[in-house]
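Dear colleague,

I am handing over the model that we spoke about, and below it I have written down what was found. Please keep the sequence and the structure open beside this message while you read.

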Amino acid sequence: MGKACYNAVKFNCLCIVMCFSVLMSYAEVKSAAESQQARDGYVIVQQIVISGNKITKPRVILNELIFHQGDKLMVDKLGQVVKRSRHNLLNTALFNYVSIRYTIQSDNSVVFHVSVDERWYWWVFPIFEVADRNLSAFFNSGDWSRVNYGVYLKRDNFRGRNEKIIARVRLGFTTQILLGYMSPEYNRRGGWGAMFDFRMHDQLPYMTEGNQQLFKALETELAQVTYTGTLYYTIRSGIYNRHRFEAFYNQFSVSDSIIDLNPNYLTPDANRLQFIELRYEYEFDKRDSKVYPLKGTRLRANVTQSGLGIWQDELNNLKLGAQLDKHIRVGPRWHWSSLLYGEYNTSNSLPYVMNAGSGYRSFLNGYELYVIDGTRQGTMKNQMLFTLLQPRMKKLGFMPLTQFAKINYAFYLKAYYDFGYVWQDNPPITNTFANDWQYGYGAGLDFVTFYDMVWSFNYSVNKFNQHGFFVHFNLAI
């Protein structure tokens, strides 16, 4: 029995020695691998620590980072990784400020610390706004009946998931009831949303004459009633790539008085129009800021089919659109931006209510007071920016709400030159801007501040040497 115990102890000791040797060998191999990894300039993301997100779910933040736990990153690229991820988080419009720091550990892993300063997400405020295409058109008309008032309710970052719910009630120039819900997309999971928009108008623009809209007000009846229902689904195939699928139901009911003034306001001589639209849009967006970009590229392309042949006399049009933005840093305080936009409609005679020309969704600087109706257009806008005052942050000690206790601001001087062309078959003789090259140029000052607000103060000159001072709010290039 004693000899058996001795042999058992001897065997156990031999096993311990062998296991220890294997562990030592593994440690040496691992150490050698880590040393090789360090020599190769790589580190492994060990942990991502998130702070400051009192409402926002961690997955919303992780979804915008271009690194994930377990990723292998080059040491000399860590600064770029941090900068790009910070821009992505700010572009969600969920945070006022974002800070990302990293610490390289002794085992050549890296720990990231992501700190966010959340915005205010509940918005309930009164509406008082002009209903014209831009502030300059409103000031030029001097017609205070073209003012909307009401209440606007919006809940950003609903449930901490970057969802959004909105409700809007407008009165005045336009009576509107709007309800909407929007869900974001995540990696390997799509987002969706729905919206209902009801509007009534007792006055509206019914025709373009002399390159300007003519308005008609009706006292005893409504000029127009519209219903729009929207469903959409989005897919994020990459951190900068999005695909959006939309379906719309549109219905227009217009007074006979408006049709008498413009028989082509809807389809010829009709006072009612309903149709379904299907749209697909692709977007690649790698700009440093969606509010006021200074570097990066954005490409948007879409195709829209209006009308599926369901209703008699229904609209039938296929629209193709594309836009390319490019923003380049050319010096320590200098930046260049260009935008190229084009739109093509297969129908040569769109209803007036669906004008696709310049001056509506986009316009040329110097032409703020005009519209150029047409079914096809091409535009290029260029500007040179000089950073007059670089972005700064100021704390407001008297402000009790932390979401408003700090404001950021910056000022930029700019010079710009725009040109474009709008095609229209057989335009009215007084609409002389169509089927001809138009251009405008000038200089201005942009004021960029918190909660995505941009004020532009421009002095512009157009092709006909008409010039003036124009004010814009949240104007894209």
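Strand S15 (residues 296-306) and S16 (residues 317-329) pair in the antiparallel sense over 11 bridges, where two strands are said to pair if DSSP finds at least two bridges between them. The helices (H or I, at least four residues) and strands (E, at least two) are DSSP runs, numbered from the N terminus.

Before going further, please note that this is a predicted model, in which local features need pLDDT of at least 70 and side-chain atom pairs count only at pLDDT 80 or more, while totals for chains, interfaces and linings use all residues. Residues are numbered from 1 along each chain as its sequence is written, and side-chain values use heavy atoms, with hydrogens and water left out.

The protein chain as a whole

The secondary structure of the protein chain comes to five helices and 22 strands. Of its 477 residues, 45% count as buried, a word that here stands for under 20% relative accessible area, with exposed meaning over 50% and partly exposed in between (1.4 Å probe, protein chains only). If we take the contacts between residues at least 6 apart in sequence, 58% of them join residues at least 24 apart, a contact being heavy atoms within 4.5 Å. The accessible surface of the protein chain comes to about 25,100 Å², of which 59% belongs to carbon and sulfur atoms; such areas come from the Shrake-Rupley method with a 1.4 Å probe, and for residues only the protein chains shown count as cover.

Four strands form an open sheet with mixed pairing, and their order is S2-S1-S4-S3. Its edge strands, each pairing on one side only, are S2 (72-74) and S3 (95-104). From one strand to the next the twist averages 40 degrees. Helix H3 (residues 78-90) packs on this sheet and touches S1, S2, S3 and S4 (109-118), with its direction making about 155 degrees with that of S3; the axes are lines fitted to C-alpha atoms, for helices over the stretch in contact, and angles run from 0 to 180 degrees between N-to-C directions.

Within the sheet, S1 (residues 42-51) and S2 pair in the antiparallel sense over three bridges, and Val43 stands opposite Leu73 in S2.

Strands S13 to S15

S14 also has strand partners. Strand S13 (residues 241-254) and S14 pair in the antiparallel sense over 13 bridges, and Ser253 stands opposite Arg272 in S14. S14 pairs with S15 in the antiparallel sense as well, over 11 bridges, and there Glu281 stands opposite Asn302, while the bridge partner of Glu283 is Arg300.

Asn211 lies in the loop between S10 (203-209) and S11 (212-217) and counts as buried because its relative accessibility is 5%. Not counting residues up to four places away in sequence, Asn211 touches Tyr370, Val371, Thr430, Asn431, Thr432 and Phe433.

Ile165, in strand S7 (residues 163-172), has 27% relative accessibility and therefore counts as partly exposed. Ile165 and Met182 are 17 residues apart in sequence and 6.4 Å apart in space, C-alpha to C-alpha.

Lastly, Ser456 is found in strand S21 (residues 453-462) and is buried, with a relative accessible area of 1%. A polar contact of 2.9 Å joins the side chains of Ser456 and Asp446; this term stands for a pair of N or O atoms within 3.5 Å, where within protein one must be able to donate a hydrogen and the other to accept it, and residues adjacent in sequence count only if both atoms are side-chain atoms.
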